[in-house]
Amino acid sequence: GRADESRHQAEINLSKLNSVLEQRVAERTAALERDKRYQAALFACSQALLPRADTPAARKAALDEALEQLLAATGASRIVLIRNLGNDEQGLYAEPIAQAHIPRFASSEALETMWRTPLRSISVELRDAMEQGLPVFGTREELSARFPPFKPLLETMEVRSLLALSLRVGEGWWGVLSIHDCEQPRRWDEQE
């Protein structure tokens, strides 16, 4: 009886270990697939942006194609390339210069107005983080707790989670690549 009980317990333990192993293999496989999608998207973006675009329309088309590739790879709802305009005296504000989105989350009049909100009125802490080149990411709730004045804008954008990457040219803060998931809260990892 003891041998049967020991064998039964060993089988239970083995089953648990097998489940853990299967879960780890599934997680690693998903991470590899995601990395593969990201590498393909980065390659496609570079292919779209490398050819010489001599006209504003050609540059816009190349940016749009690159953002569509990133949108597909990330599974996001909207990606916006934002350029900073103005200055501290006049008020620094954002100007979207290219975007890609799934149909349900197209740009709206409220979004277009929101983009032109002076950055100092959104959140000094958020602006400081972006100027320092730090990525800003999290769910709407996390970001609202960290940057309270940013909450109404996240709601206007219908953002459930956000990844904002500061873009620098030389020593200056040029703008932001803003990736929105409007359908579900999402945890962004270091790779993303």
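## A walk through the fold

The protein has 7 helices and 5 strands, where helices (H or I, at least four residues) and strands (E, at least two) are DSSP runs numbered from the N terminus. This is a predicted model, so local features need pLDDT of at least 70 and side-chain atom pairs count only at pLDDT 80 or more, while totals for chains, interfaces and linings use all residues. Residues are numbered from 1 along each chain as its sequence is written, and side-chain values use heavy atoms, with hydrogens and water left out.

Start at the N terminus and you'll read the elements as α-α-β-β-α-α-α-β-α-α-β-β. The 5 strands come together in an open sheet, ordered S2-S1-S5-S4-S3, with antiparallel pairing; two strands pair if DSSP finds at least two bridges between them. Strand S2 (93-101) and strand S3 (136-139) sit at the edges with a single partner strand each, so one side of each has no neighbour in the sheet. From one strand to the next, the twist averages 15°.

Helix H2 (residues 56-74) packs on it, touching S1, S2 and S5, and its direction makes about 65° with that of S2. H5 packs on the sheet too, touching S3, S4 and S5, at about 50° to the direction of S4. Contact means heavy atoms within 4.5 Å; axes are lines fitted to C-alpha atoms, for helices over the stretch in contact, and angles run from 0 to 180 degrees between N-to-C directions.

What about the inside? The largest nonpolar core has 24 residues, and Trp115, Leu126, Met130, Val136, Phe150 and Met157 have the most contacts inside it. A nonpolar core here is a set of buried Ala, Val, Leu, Ile, Met, Phe, Trp, Tyr and Cys residues joined through side-chain atoms within 4.5 Å, and buried means under 20% relative accessible area (1.4 Å probe, protein chains only). Elements giving two or more residues to this core include helix H5 (124-131), strand S4 (161-169) and strand S5 (172-181). Valine 136 turns up again: leaving out residues up to four places away in sequence, it touches Leu126, Ala129, Met130, Leu143, Phe147, Leu162, Leu163 and Ala164. Overall, buried residues make up 35% of the 192 residues.

Terms used:
Buried < 20%, exposed > 50% of the residue type's maximum accessible area, 1.4 Å probe, protein only.
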